[in-house]
Amino acid sequence: MIKVMYFGHQTDMAGGEISLLQLIDSIDKTAVKPEIIIPGPGRFKNELEKRRELKKHELDLPDEFVKGTAQSYESGGIAKKAYNVVHLVKTALQLRSILKQEKPDILHTNTLKAAVIATIATFMGKTKHIYHDRTHTYNVANRMVYRRAEKIIAISDFVRSKYEGLDKSKIVRVYNGVKNKQLGKDEFQLREAYGIGGDEVLIGVVGRIVPWKGHRTFIEAAINLMKGSSQKFKFIIIGSAEIEASEGYEKEIKQLIDNSGFKEHFIFTGYRTDVQNLMSQLNVLVVPSIEEEAFGRVIIEGQMSNVIVVASRIGGIPELIVDNETGLLFRPGDSGELTEKLLGILRDPERALRIRDKGYASAHENFNIDIHSARIKRVYEDLHYGS
């Protein structure tokens with residue numbers, strides 16, 4: 001039995017936290033004993049509390065420290081850097097105390113900040129450290145973690161490529177896995193709740209409302225589509241701006257909609273916990289990111305929900321979609337090309353169904369949670385028993 005302790009610094013729920021929870025739920029409990037460190041109150045802790053059998057340990061982290069990024073340690077004045085260093089060391093000492101008491105075989109970190117803390121905490125210690133790299137960035141923090149961690153798990157070849165020139169034997173690519181949610185008859189009904197007619201095409205975007213997620217591109221394409229097609233449409237934006245405090249950007253895109261004259265065709269749901277159910281009711285899911293996505297979890301969730309996916313050709317996304325076969329790709333930020341891609345599948349329903357079905361099959365064959373957890377378990381076993 002390998003005792004694995006998981007640690008990420010985020011207190012809210014985003015893709016990385018969802019991925020971690022699904023991994024913990026699905027990992028083979030006859031081979032792995034999971035425990036977790038809770039960084040503080042929030043939606044992530046609320047989800048963890050539902051897992052009563054999971055042993056939990058809490059760290060006392062100040063709110064400002066939780067919300068900052070590992071990259072922020074490189075910026076700011078002397079006072080700011082001193083603050084960061086003090087709290088890094090303080091948190092690392094808390095973590096080191098937990099490790100000494102609990103003696104896990106492996107510490108599995110889920111965020112770069114957590115990995116930096118773990119690098120300090122495990123120095124001259126016996127606990128082996130695995131960093132699960134879910135980001136597209138690479139800086140001094142990554143280099144620090146790389147030197148000390150026993151293994152780095154990259155969630156795509158795109159993420160793995162940023163370690164170019166380093167020892168690749170230390171880095172293993174394991175794609176994220178997604179649990180195929182079984183939807184019940186009592187699930188929230190989008191069309192009924194928002195008065196969407198059965199003859200209206202429902203196109204959606206899912207994710208935090210932040211500039212790099214490309215909501216502006218989506219809205220511009222939606223407006224173009226309504227001007228260039230006689231079909232009826234509704235466009236639904238699932239997610240909120242609160243996690244990354246991007247309320248200004250949300251106000252900006254809502255103003256764009258107001259000015260378009262098509263306001264009644266757009267729906268904002270706010271933060272939702274039943275995202276996969278909502279996606280299953282879409283005709284098309286758009287993933288319009290304009291900056292690199294390390295993976296693009298929502299794409300697999302959409303495909304598993306049996307929805308055709310149209311996404312930006314950027315970052316790790318092309319590893320998930322074979323263009324014109326399992327989904328459609330367009331140039332990041334190009335609302336004109338996105339409009340043409342959407343028009344193309346709307347004009348050819350048979351082609352759209354073929355692409356949707358192949359996307360569904362691809363997601364289940366290559367990115368399901370059981371394949372993912374089995375590969376992660378192999379990483380643990382190679383590290384623990386191979387030493």
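Modeller: I'll start with helix α1 and its surroundings, then move on to a few other spots.

First, the ground rules: this is a predicted model, so local features need pLDDT of at least 70 and side-chain atom pairs count only at pLDDT 80 or more, while totals for chains, interfaces and linings use all residues. Residues are numbered from 1 along each chain as its sequence is written, and side-chain values use heavy atoms, with hydrogens and water left out.

Helix α1 runs over residues 15-26. Helices here are DSSP runs (H or I, at least four residues), strands are E runs of at least two, and both are numbered from the N terminus. From first C-alpha to last, the twelve residues of α1 reach 16 Å, close to the 16 Å expected; the expected span is 1.5 Å times one less than the number of residues.

Which residues of α1 are buried? They are G16, E17, S19, L20, L21, Q22, L23 and I24. Buried means under 20% relative accessible area, exposed over 50%, and partly exposed in between (1.4 Å probe, protein chains only). Those buried residues pack against β1 (2-7), β2 (32-38), β4 (106-109), α2 (43-49), α12 (297-304) and α15 (369-385).

Let's zoom in on α15. Its axis and that of α1 lie 9 Å apart, at an angle of about 80°. That makes the two helices, α1 and α15, roughly perpendicular. Axes are lines fitted to C-alpha atoms, for helices over the stretch in contact, with angles from 0 to 180 degrees between N-to-C directions; 65 to 115 degrees counts as roughly perpendicular, under 35 as roughly parallel, over 145 as roughly antiparallel and the rest as oblique. From α1, Q22, L23 and S26 make the contact, and from α15, I369, H372, S373, I376 and Y380. Contact means heavy atoms within 4.5 Å. By class, this α1 and α15 contact has four nonpolar, four polar and no charged residues. Nonpolar covers Ala, Val, Leu, Ile, Met, Phe, Trp, Tyr, Cys and Pro, charged covers Asp, Glu, Lys and Arg, and the others, Gly among them, are polar.

K103 isn't a glycine, yet its phi is positive, near 50°. With 59% relative accessibility, K103 counts as exposed.
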